[in-house]
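Subject: Structure for your review

Dear colleague,

Please find below the structure that I am handing over to you. I would be grateful if you could look through it alongside the findings that come after it.

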Amino acid sequence: MPPQPNYRWQCHRCQTINEPGIERCGACGFSAYATGYEILGQEDPLSASIPESKQLFWEGIARAIHLVVGSLFLGASGWSMFIVATFNPWVFWGGLLIGAALLAIGIFGSRRAVYDLLYVGWV
Ligand SMILES: [Zn+2]
């Protein structure tokens, strides 16, 4: 059990002011010691820890990375077509598929999707 607050506190959820020694909001029952997740009502750790304006910024970066990397794959695919000596169907189709998928996610994917893919790429 978390310690009871020994100061007056404002409920994170309904903004009610609660007296010291009360562990849960008298109006809505929300815990005095909520985690960042609970306060924001989100299950996504990234969303919960970063303000919306920064999220939009990083989402833009994440999408841009997808577009650039996707273009590189498509470029490699196209390039392999013109250089007969290095033509390799795996490079061609792999580049085409991966590039198209990255572009599609970068443009149409949800914020979650672009973040998840970057995590996979980095970890
Ligand atoms: Zn409350």
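The findings below begin with the chain as a whole and then turn to one pair of helices.

Please note that this is a predicted model. The chain contains 5 helices and 2 strands, arranged along the sequence in the order β-β-α-α-α-α-α. Of its 123 residues, 11% are buried. When contacts between residues at least 6 apart in sequence are considered, 31% of them link residues at least 24 apart.

Helix H3 covers residues 52-82 and helix H4 covers residues 89-108. Their axes lie 7 Å apart and pack at an angle of about 160°. Since angles over 145 degrees count as roughly antiparallel, H3 and H4 are therefore roughly antiparallel to each other. Their crossing is left-handed. On the H3 side, the residues making the contact include Arg63, His66, Gly70, Phe73 and Ser80; on the H4 side, they include Val91, Phe92, Gly95, Leu102 and Ile105. Sorted by class, this contact comprises 13 nonpolar, 8 polar and 1 charged residues.

Two further points concern H3. Its 31 residues, at 1.5 Å a residue, should span 45 Å, and this agrees with the end C-alpha atoms, which are 45 Å apart. The buried residues of H3 are Ala62, His66, Gly70, Phe73 and Ser80. Among these, His66, Gly70, Phe73 and Ser80 also take part in the contact with H4. In an α-helix there are 3.6 residues a turn, so residues three or four places apart point the same way.

Notes:
Residues are numbered from 1 along each chain as its sequence is written. This is a predicted model: local features need pLDDT of at least 70, side-chain atom pairs count only at pLDDT 80 or more; totals for chains, interfaces and linings use all residues. Axes are lines fitted to C-alpha atoms, for helices over the stretch in contact, and angles run from 0 to 180 degrees between N-to-C directions. Helices (H or I, at least four residues) and strands (E, at least two) are DSSP runs, numbered from the N terminus. Angles under 35 degrees count as roughly parallel, over 145 as roughly antiparallel, 65 to 115 as roughly perpendicular and the rest as oblique. A crossing is left-handed if the near helix is turned anticlockwise from the far one by less than a right angle, and right-handed if clockwise. Two residues are in contact if their C-beta atoms, placed from the backbone, lie within 7 Å. Ala, Val, Leu, Ile, Met, Phe, Trp, Tyr, Cys and Pro count as nonpolar, Asp, Glu, Lys and Arg as charged, and the others, Gly among them, as polar. The expected span of a helix is 1.5 Å times one less than its number of residues. A residue is buried if 20 or more other C-beta atoms lie within 10 Å of its own, exposed if 12 or fewer, and partly exposed in between; C-beta atoms are placed from the backbone.
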